[in-house]
Amino acid sequence: VPVQLGQEIEAGAVLAVIEATQMGQAKAQYLNRLELLALRKERHAQEKALFEKKLSLRSKMLDAEALVSEAQLEVQGSAQRLAGLGLSADAIAKLVRTKDTSSTVEVVAPFDGMVTEVKAVIGERASPDKPVVAVADMSRMWIAIDIYEQDLPRIEVGQRAYFRLPALPSTRFRGKIIASAAAVNEQTRTIRFYADVKNRDGLLRANMFGK
């Protein structure tokens with residue numbers, strides 16, 4: 001796990017490395033099927049040349065052609081399996097050059113941002129239903145605003161909003177109302193609105209309170 005909580009990272013940065021037996025098997029299968037496809041293409045070319053010289057039957061050429069089509073489908077299936085395991089199209093293409101059959105999977109950041117959670121532990125079992133690392137784009141934040149029922153007519157989506165932190169009373173964060181809840185909170189009798197606010201100098205953090 002090469003990243004730490006609060007670290008700024010760029011798109012494509014490695015967040016964690018997972019060892020998965022399935023990945024190694026899938027890589028080996030893909031490479032084997034590529035080799036089989038190459039052999040069948042070569043065989044088909046030979047049969048086609050012989051047929052054109054009238055030294056072989058047309059049926060043999062067609063049989064070789066069918067085997068090529070079958071191998072192509074198997075290669076596509078193997079590539080789809082690798083994609084399902086998390087390999088990008090570029091990484092799959094790179095396998096042809098590297099012949100890498102290792103069982104490791106690199107979990108990479110999908111965009112620039114900050115590491116907000118690190119739940120991966122070295123040696124612990126990873127699974128699809130358990131988050132490994134969370135990355136968030138902190139350049140913009142959502143402010144949750146609770147409005148009393150009597151103030152509802154004064155608020156509308158698209159309206160400008162300003163947010164201040166008690167610790168930074170002189171700094172004002174400006175944004176815009178972008179959405180609202182469809183129901184009133186039964187306990188507080190308020191309606192929640194959401195404002196999209198630019199995070200100036202990265203001062204805002206999740207779960208902060210302000211006015």
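Start by selecting Leu165 and Leu168 in this predicted model: Leu168, in strand S8, is the bridge partner of Leu165. Now widen the selection to residues 168-180, which make up S8. This strand runs antiparallel to S7, and six bridges join the two.

Next, bring in the rest of the sheet. Show S6, S9, S8 and S7, in that order: together they form an open sheet of four strands with antiparallel pairing. Look at the two edges, where you will find S6 (140-148) and S7 (160-165). Each has a single partner strand, so one side of each is left without a neighbour in the sheet. Turn the view to follow the twist, which averages 45° from one strand to the next.

Now for the rings, where there are two aromatic pairs to visit. Trp142 sits in strand S6 and Tyr194 in strand S9 (residues 190-198), so colour both strands to see how the pair links distant parts of the chain, 52 residues apart.

For the last stop, select Phe163 and Phe173. They also form a tilted aromatic pair, 6.5 Å centre to centre with 50° between the planes. Here the link is between strand S7, which holds Phe163, and strand S8, which holds Phe173, ten residues apart.

How values were computed:
Residues are numbered from 1 along each chain as its sequence is written. This is a predicted model: local features need pLDDT of at least 70, side-chain atom pairs count only at pLDDT 80 or more; totals for chains, interfaces and linings use all residues. Side-chain values use heavy atoms; hydrogens and water are left out. Two strands pair if DSSP finds at least two bridges between them. Axes are lines fitted to C-alpha atoms, for helices over the stretch in contact, and angles run from 0 to 180 degrees between N-to-C directions. Rings of Phe, Tyr and Trp (its six-membered ring) pair if their centres lie within 6.5 Å; planes under 30 degrees apart count as stacked, over 60 as edge-to-face and the rest as tilted.
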